[in-house]
Amino acid sequence: MPKLPSLLLITVFAQHLLFCGAVKLKGNEIAIASHRHHFDKSVHQEALEYGNAAKFRFRRFQSPSAITGALSACRNSPLKWFQGKDGRKGYVSSTKLGGDWVLAESEQTAPECTSEEVLRAYLTGELQERWNEKEVLECKINVKKGKRGPRHETHYQQDLVLKSQRVITSHTGIMRYSQTISIDKIGENDYTVLVRLDPEQQTSATSTKKPFESLSVYVGLKQKGDDVQISAAGIMEVNRKVIPNLLVFDASGIAGAMAGKGTLWLASYFNERREMVARASTLSS
């Protein structure tokens with residue numbers, strides 16, 4: 001059974017800057033592409049259609065509820081509760097969209113933290129290695145400034161190296177691919193994140209044996225009191241040259257199921273932090 005990268009795992013790694021200059025940020029500052037006071041209700045988020053996933057695009061500045069509504073017509077079943085042995089927990093869903101396309105979704109709540117702290121964890125390679133050690137060989141991250149549509153905006157470029165995974169009696173071999181992450185800030189405490197395969201890197205060595213032919217991910221972070229609600233959705237097309245569709249199973253469905261469950265480490269990380277703070281407070285009192 002193939003093990004493919006998680007929805008958040010596939011969004012947070014970088015190894016080299018091949019195009020444009022690196023951007024130096026002050027301290028632990030997060031690279032923000034753009035900032036708006038409110039979610040954008042003037043731009044319509046088109047609905048996802050079964051059998052037509054290639055034409056779907058996540059629009060910028062969209063609220064988690066708007067994205068949920070756009071995907072609802074294709075979702076086979078409601079998100080279901082999942083809790084893993086490593087502490088991951090949250091709601092997940094996986095839906096095959098026809099052909100080699102699949103939709104993966106998840107919802108989780110990170111306790112006693114800010115949205116900015118969640119983003120910093122989300123963009124930390126060391127944490128990704130800890131929570132995804134079975135899949136990851138190498139992960140780094142750099143910040144860049146380049147043309148994103150009509151404007152030049154700061155964003156992240158990532159190159160991800162994954163371990164070879166077994167597919168029935170064979171192996172995928174080491175998988176590599178490059179992506180971009182764009183982070184928009186909404187108001188004072190909320191963020192939206194869009195992730196796509198980097199078109200400038202798809203023919204380079206950084207995208208050798210990529211597991212996906214196409215990939216588009218939305219992540220929404222909303223501050224709710226002391227906690228952060230994290231909503232993630234990814235639409236991906238499995239690369240059949242790397243992950244074959246064998247008769248005994250549909251690899252696209254497995255990819256979606258693993259992607260949904262794989263996103264849930266963030267809530268567990270902040271839950272562990274909360275417990276450590278509580279223990280430290282008890283010992284010092």
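Q: How many bridges join E4 to E13, and in which sense do the two strands run?
A: In this predicted model, residue pairs can be followed across the two strands, and Glu107, for instance, stands opposite Ser231 in E13. E4 and E13 run antiparallel, and the number of bridges that join them is ten.

Q: Over how many bridges do E12 and E13 pair?
A: Within this pairing Ser216 stands opposite Ile235 in E13, and the hairpin of E12 and E13 has two residues between the strands, with Gly225 taking a positive phi near 65 degrees. The sense of the pairing is antiparallel, and the bridges number twelve.

Q: Why can strand E13 be described as largely enclosed by the rest of the structure?
A: E13 covers residues 227-238, and a residue counts as buried when its relative accessible area is under 20%. The description holds because, of the twelve residues of E13, the number that are buried is nine.

Q: Which residue in E3 is the bridge partner of Phe82?
A: Strand E2 (residues 80-83) runs antiparallel to strand E3 (residues 89-98), and four bridges join them. The two strands form a hairpin with five residues between them, and in the turn Gly87 has a positive phi of about 100 degrees. Across this pairing, the partner of Phe82 is Gly90.

Q: Which residues touch the most other members of the largest nonpolar core?
A: This core holds 37 residues, and its largest share, five residues, comes from strand E12 (residues 212-224). Apart from it lies another core of 14 residues, among them Leu48, Trp101, Tyr218 and Ala233. In the largest core, the residues with the most contacts to other members are Val118 and Ile183.

Q: Is Cys113 buried or exposed?
A: Cys113 is among the residues that Val118 touches, along with Leu221, Val228, Ile230 and others. With the limit for burial set at under 20%, its relative accessibility of 4% means that Cys113 counts as buried.

Q: How many disulfides does the model contain?
A: A disulfide is a covalent bond between the sulfur atoms of two cysteines, and the rule applied here asks for a pair of such atoms within 2.5 Å. Cys74, at 7% relative accessibility, is buried, but burial is a separate matter from the sulfur distance that the rule uses. By this rule the count of disulfides is zero.

Q: Is Glu112 buried or partly exposed?
A: Glu112 lies in the loop between strand E4 (101-110) and helix H2 (115-122), and although it is not a glycine, it has a positive phi of about 50 degrees. Phe61, in the loop between strand E1 (34-36) and H1, also has a positive phi, near 65 degrees, and at 5% relative accessibility Phe61 is buried. Glu112, by its relative accessibility of 46%, counts as partly exposed.

Q: With which side chain does the side chain of Asn271 make a polar contact?
A: Asn271 is placed in helix H5 (residues 265-284), and its relative accessible area of 16% makes it buried. Its side chain makes a polar contact, at 2.5 Å, with the side chain of Arg274.

Notes
Residues are numbered from 1 along each chain as its sequence is written. This is a predicted model: local features need pLDDT of at least 70, side-chain atom pairs count only at pLDDT 80 or more; totals for chains, interfaces and linings use all residues. Side-chain values use heavy atoms; hydrogens and water are left out. Buried means under 20% relative accessible area, exposed over 50%, partly exposed in between (1.4 Å probe, protein chains only). A polar contact is a pair of N or O atoms within 3.5 Å; within protein, one must be able to donate a hydrogen and the other to accept it, and residues adjacent in sequence count only if both atoms are side-chain atoms. Two strands pair if DSSP finds at least two bridges between them. A nonpolar core is a set of buried Ala, Val, Leu, Ile, Met, Phe, Trp, Tyr and Cys residues joined through side-chain atoms within 4.5 Å. Contact means heavy atoms within 4.5 Å. Lists of a residue's contacts leave out its neighbours within four places in sequence.
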